[in-house]
Amino acid sequence: MTRFGSFREFYPFYLSEHRNRTCRRPHVLGSAAALLCLLAALLSGRWPWALAALGCGDGFAWAWHLFFEKNRPATFSHPLYSFVGDWVMFAAVLRGRLPF
């Protein structure tokens with residue numbers, strides 16, 4: 001397992017694990033779905049939606065790593081950095097800095 005001293009060191013590795021746009025897209029869509037689930041939880045007061053957000057965020061994309069990137073999700077070895085990486089990548093796609 002590679003050790004990273006900071007998120008700045010980790011993020012290039014994270015992006016290399018998402019080179020394939022077919023893998024990156026489910027991450028972005030999963031992040032958007034997670035936000036919608038959180039919004040549903042807040043607006044409805046039904047907190048199971050918050051649990052659904054967890055499943056949408058990472059769970060949705062893990063299978064794509066297996067089939068398209070042929071790698072192991074970084075979440076398993078670097079959970080915090082990977083969580084932050086999902087949101088940094090999501091923002092980069094929304095800003096047009098990373099192709100969807």
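Analyst: The model is a predicted one. The largest cavity has a volume of about 30 Å³.

User: What makes this space a cavity, and how many cavities are counted at 30 Å³ or more?

Analyst: The term cavity applies because a 1.4 Å probe fits at its points but cannot get out. By this rule, one cavity of 30 Å³ or more is counted.

User: Which residues line the largest cavity?

Analyst: Its lining consists of Tyr14, His18, His27, Asp58, Trp62, His65, Pro73, Ala74, Thr75, Ser82 and Asp86. Two or more of the lining residues come from each of α3 and α4, and α3 gives the most, with three residues. By class, the lining of the largest cavity divides into four nonpolar, five polar and two charged residues.

User: What makes a residue part of the lining, and which elements supply the lining of the largest pocket?

Analyst: A lining residue has an atom within 4 Å of a point. For the largest pocket, this gives Ser31, Ala34, Leu38, Ala50, Ala53, Leu54, Gly57, Asp58, Phe83, Asp86 and Trp87. Two or more of these residues come from each of α2 (21-44), α3 (48-69) and α4 (79-94). The largest share, five residues, comes from α3. By class, seven lining residues are nonpolar, two are polar and two are charged.

User: Why are α2 and α3 described as roughly antiparallel?

Analyst: Their packing angle is about 170 degrees, with the axes 7 Å apart. Angles over 145 degrees count as roughly antiparallel, and α2 and α3 are therefore given that description. The contact of α2 with α3 has 18 nonpolar, six polar and one charged residues.

User: How do you know that Phe4 and Leu98 belong to the largest nonpolar core?

Analyst: Members of a nonpolar core must be buried and joined through side-chain atoms within 4.5 Å, where buried means under 20% relative accessible area. The largest such core has 11 residues, namely Phe4, Phe10, Tyr11, Tyr14, Val28, Ala74, Met89, Phe90, Ala92, Val93 and Leu98. Two or more of them come from each of α1 (7-16) and α4, and α4 gives the most, with four residues.

Methods: Residues numbered from 1 in each chain as written. Predicted model: local features only at pLDDT ≥ 70, side-chain atom pairs only at ≥ 80, totals over all residues. Heavy atoms only, no water. 1 Å grid on protein atoms, 1.4 Å probe; cavity = no way out; pocket = protein on both sides within 12 Å on 5 of 7 lines; lining within 4 Å. Nonpolar A, V, L, I, M, F, W, Y, C, P; charged D, E, K, R; others polar. Points joined across faces, edges and corners; volume = space filled by probe spheres on them. Axes fitted to C-alpha atoms, helices over the stretch in contact; angles between N-to-C directions. Parallel < 35°, antiparallel > 145°, perpendicular 65-115°, else oblique. Buried < 20%, exposed > 50% of the residue type's maximum accessible area, 1.4 Å probe, protein only.
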